Amino acid sequence: MSNFEYKKSLGQNFLQNQNIINKIASSLTPSKNDLIIEIGPGAGALTKELVKKECDVICFEIDKRLENILNKLESDNNNLKVIFEDFLKVNIKTYIDTKKYDKLYFVGNLPYYITTAIINKIIKESTPYEIVIMVQKEVAERFNATPGSREYGSLSVFLQYNFKIEKVCDVNKKCFEPIPKVDSTVIKFKTTSKYKEKVKNEDKFYKIIKDSFTHKRKNLRNNLMNYDLSKIEEILKKYNKDLTSRAESLTIEEFIEISNNL
Ligand code: SAM
């Protein structure tokens with residue numbers, strides 16, 4: 001965009017490649033009575049495609065300098081509402097409870113450092129059907145990492161516990177203006193209750209995961225020393241593991257069994 005001073009602090013790299021924009025838009029297949037929430041529409045490149053779907057679209061953009069462009073798009077499209085707020089500070093319920101929507105879709109291309117906060121917020125304040133989000137390529141690899149791999153960590157366990165994760169497409173850095181340092185990947189998170197049904201106490205489950213990964217180089221005996229270690233050892237034994245194992249070798253099922261038995 002000429003004459004626009006892109007703000008690095010807001011992760012402002014705007015998509016220019018129509019093929020990629022179309023791929024992201026077509027990865028969402030809402031029905032009439034669904035709602036799409038777009039976080040960080042920027043100059044509206046993706047928004048223009050989203051409003052072609054027959055459902056309502058609500059966008060949250062933090063940068064008021066984009067008001068002219070986005071307000072124009074809003075007045076041209078009856079199904080679009082643009083809110084100029086920091087998404088992390090809004091109360092999502094205020095916007096989704098205005099109608100009785102069937103399914104909730106979230107889509108966004110945001111700076112990595114707020115991606116986890118955004119996903120946490122979405123899960124806490126709503127029941128998303130799908131979340132389609134663009135992140136740095138290496139970060140995407142962490143989301144779907146398997147036990148034993150270098151990228152596997154508490155974030156992988158947390159996300160795979162809540163969602164079925166699929167890649168939509170890779171995005172070359174040249175597809176943006178200005179061109180960022182790294183390539184990106186678009187990821188789709190589809191809410192699943194596959195594991196949720198098995199967990200007795202979710203807060204406890206989340207705490208065990210967090211504690212298990214506290215010091216990446218330390219083993220479970222050290223990271224979980226404030227828990228009943230003999231009980232944990234008993235469970236690990238069933239899986240041919242012991243307290244010298246590290247958190248990165250444990251599957252979600254194993255974490256669930258530990259948290260359910262403590
Ligand atoms: N979706 C557009 C595109 O693909 O061309 C813009 C993407 S750009 C990477 C990120 C956008 O998110 C920017 O417009 C930025 O101002 C906005 N943004 C950053 N932090 C935000 C926040 N906390 N709440 C809402 N919007 C935010």
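The model is predicted. The protein has 262 residues, and buried residues account for 49% of them. Its secondary structure consists of 11 helices and nine strands.

The largest pocket is where the ligand sits. Around the ligand there are 20 residues, and the closest of these are Gly11, Leu15, Gly40, Glu61 and Asp86. Sorted by class, this shell contains nine nonpolar, six polar and five charged residues.

Leu15 takes part through its backbone: one of its backbone N or O atoms is 2.8 Å from an oxygen atom of the ligand. Gln12 takes part through its side chain, where an N or O atom lies 3.0 Å from a ligand oxygen atom. At Gly40, a polar backbone atom lies 2.9 Å from a nitrogen atom of the ligand. The ligand taken alone exposes 600 Å², and 97% of that is buried by the protein.

Pro178 is found in the loop between strand 8 (176–177) and strand 9 (184–191). The peptide bond that joins Glu177 and Pro178 is cis, with omega at about -10°.

The other feature is at Asn240, in the loop between helix 10 (229–238) and helix 11 (252–260). Asn240 is not a glycine, yet its phi is positive, at about 60°. Is Asn240 buried or exposed? Its relative accessible area is 77%, and the cut-off for exposed is over 50%, so Asn240 counts as exposed.

Glu49 belongs to helix 2, which covers residues 47–50. Its relative accessibility is 17%, and buried means under 20%, so Glu49 counts as buried. Which residue does the side chain of Glu49 contact? Its partner in a polar contact is the side chain of Lys52, at 3.1 Å.

Key. Residues are numbered from 1 along each chain as its sequence is written. This is a predicted model: local features need pLDDT of at least 70, side-chain atom pairs count only at pLDDT 80 or more; totals for chains, interfaces and linings use all residues. Side-chain values use heavy atoms; hydrogens and water are left out. A residue is near a molecule or strand if one of its heavy atoms lies within 4 Å of it. A polar contact is a pair of N or O atoms within 3.5 Å; within protein, one must be able to donate a hydrogen and the other to accept it, and residues adjacent in sequence count only if both atoms are side-chain atoms. Accessible areas come from the Shrake-Rupley method with a 1.4 Å probe; for residues, only the protein chains shown count as cover. On a 1 Å grid over the protein atoms alone, a cavity is a set of points where a 1.4 Å probe fits but cannot get out, and a pocket is an open set with protein on both sides within 12 Å along at least five of seven lines; lining residues have an atom within 4 Å of a point. A molecule sits in a cavity or pocket if more than half of its atoms lie within 2 Å of its grid points. Ala, Val, Leu, Ile, Met, Phe, Trp, Tyr, Cys and Pro count as nonpolar, Asp, Glu, Lys and Arg as charged, and the others, Gly among them, as polar. Helices (H or I, at least four residues) and strands (E, at least two) are DSSP runs, numbered from the N terminus. Buried means under 20% relative accessible area, exposed over 50%, partly exposed in between (1.4 Å probe, protein chains only).
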